[in-house]
Amino acid sequence: MEETQTRLGTVYRVNGPAVTAADTAELSMGEQVLVGDLNLPGEIIRQEGDMSTIQMYEDTTDIKPGDVVRGLGSALSVELGPGLLGSFYDGIQRPLDRIYEKTGTFISRGVSVPKLNEEKKWRFTPKVKVGDELIGGDIIGEVPESRLIVHKIMVPPDKRGKLVSLAPEGEYTVKDEIGRLEDGTVLRLAQKWPVRHPRPSKGRLEPNVPLFTGQRVIDFFFTIARGGAAAIPGGFGTGKTVTQHQLAKWCDANVIVYIGCGERGNEMTQVLQEFPELKDPKSGYPLIERTVLIANTSNMPVTAREASIYTGITIAEYYRDMGYHVAIMADSTSRWAEALREISGRLEEMPAEEGFPAYLGSRLAEFYERAGRVTQGEGDNVREGSISVIGAVSPQGGDFSEPVTQNTRRYIRAFWALDKALASARHFPSINWNDSYSEYVSEVLDWWKKEVPELDYSSMRKEAMRILQEENKLQQVVKLVGPDALPDRQRVLLETADIIKQAFLQQNAFHSNDVYCSPRKQLMMMDVILDFYGEALKAVGAGVPFTKIAASDIITKMIRMKTDFGNEEAEKLSDLKQEIKRELKLLTEL
């Protein structure tokens, strides 16, 4: 899908990735351009009279005053159609795997490859008929994109009208015409959409269904709703990328969009090597069949990094409009903010805190506020889709008071603070339960009641959080006088908090029984722990020394229950609960 190159300008000045062009009065703000003999891509980000500032997406070496600037007549856009899943793109949707096939290991500047495979034919099955009145977002047919996802071919959001022609079932490329509207609009398997403009939806739904991840510390304590936004801040080595990989593999989203934004090249290489080999735990097929990977490492053009998160979320909105639940992993928004800072410096804009531009907060808002759970279509064709955004933040030195973390907190409702001390102690996920929070907890209560009606999720969570908070306060005393100086009731609380940390909050990604924890198993595990707490308090109240309770093997059994019982064996935890009661009762009767 080639753009028309009609309007021209000339390079006036070059300042790194910021190029000033003259004679550009006919060009538009936000328009894509090609610069110089190599046709290097860029985007107009400022205009004053007939002078334009262009944000370049390639190294500007050898560009000089007088070089031609060609306008493409459209904003920075992505091509959306079959073939997105399983692809590896850079920040402006250039397919890295196909570029590699064309150029080899070292990518030449200005190399041009179609964003979607224009030669491959897809099996198209129509779902409407000639004469139907269609509106933007209506599904006109289906294509089996992978074994996991059926691609819905939709009317572009900004088009509507009567369908006057429709191709029969058969095989077509993304460039072939498969239909036409009364006003002459041609419908193809693929469509374009500008990345900086959110795709419209029919209506928004309340975030009252959790994005279930199978990770206990998230689902039970600091849940994220479908269509919600969460941040994972943490210093180097705290496990941000590993946590996002785990969420990508196990969360109940249909499609994953992973954006490696400014991360180290070796980390992205690991992602690109591992994801094609990971198995989708629900289907057994490769996870890559429902994943789009966007890689823009720290050594790639900084301006493409700035565009990468918009590219990713536009692709996510496309699958959301089909009726799928999409999860975006942005790793990391701090590197994206650093790209903003560098570009702002080149433009000689007035810096704000720590050199970041004054509009850092509004740009973060533009990204996170495109998350949501929405409806598309009308009447019998209404479908629900969602985008859940999980952004990693990399504050220098783990300082959560720095500008990117603080601005991010304004636009997210789940905050998973990673802790260096927990990571060093090999406690993963290393989410600090004292610094983290979720504002979605009250909104997902009905889901928990429906999922596990016999257990009260709300009261159990409150009691577990109270125990952890009390334990945090008592640790100050323990450091001074030691745990043996505390009364037995407080020692029971300390022991229970330790069981919660080891048996519940800590999770083993390499054990088949613990890598993913179902809703029922999560609540039954916590029920066992809290029941032990209540029975142990009764025992010490009846005169049983705490040392006897600590010496029994019931504590070891509770710590091992996460690996001893699989999700399908969750009901057996009731037997463990009764066994604990019997043993504590025996201690009381001695």
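These legends describe close-up views of a predicted model. Local features need pLDDT of at least 70 and side-chain atom pairs count only at pLDDT 80 or more, while totals for chains, interfaces and linings use all residues. Residues are numbered from 1 along each chain as its sequence is written, and side-chain values use heavy atoms, with hydrogens and water left out.

**View A. Crossing of helices α11 and α13.** The axes of α11 (residues 457-481) and α13 (residues 519-541) come within 11 Å and cross at roughly 55°. Axes are lines fitted to C-alpha atoms, for helices over the stretch in contact, with angles from 0 to 180 degrees between N-to-C directions; helices are DSSP runs (H or I, at least four residues) numbered from the N terminus. The two helices are therefore oblique to each other (angles under 35 degrees count as roughly parallel, over 145 as roughly antiparallel, 65 to 115 as roughly perpendicular and the rest as oblique). Residues of α11 including Tyr-457 and Met-460 meet α13 residues including Leu-523 and Met-526 (contact means heavy atoms within 4.5 Å).

**View B. Helices α5 and α7.** The axes of α5 (residues 302-322) and α7 (residues 360-368) come within 10 Å and cross at roughly 25°. That makes α5 roughly parallel to α7. Glu-306, Ile-309, Tyr-310 and Ile-313 in α5 meet Arg-363, Glu-366 and Phe-367 in α7.

**View C. Surroundings of Phe-532.** Not counting residues up to four places away in sequence, Phe-532 touches Thr-496, Ile-499, Ile-549, Ile-554, Ile-555, Met-558, Ile-580 and Leu-584.
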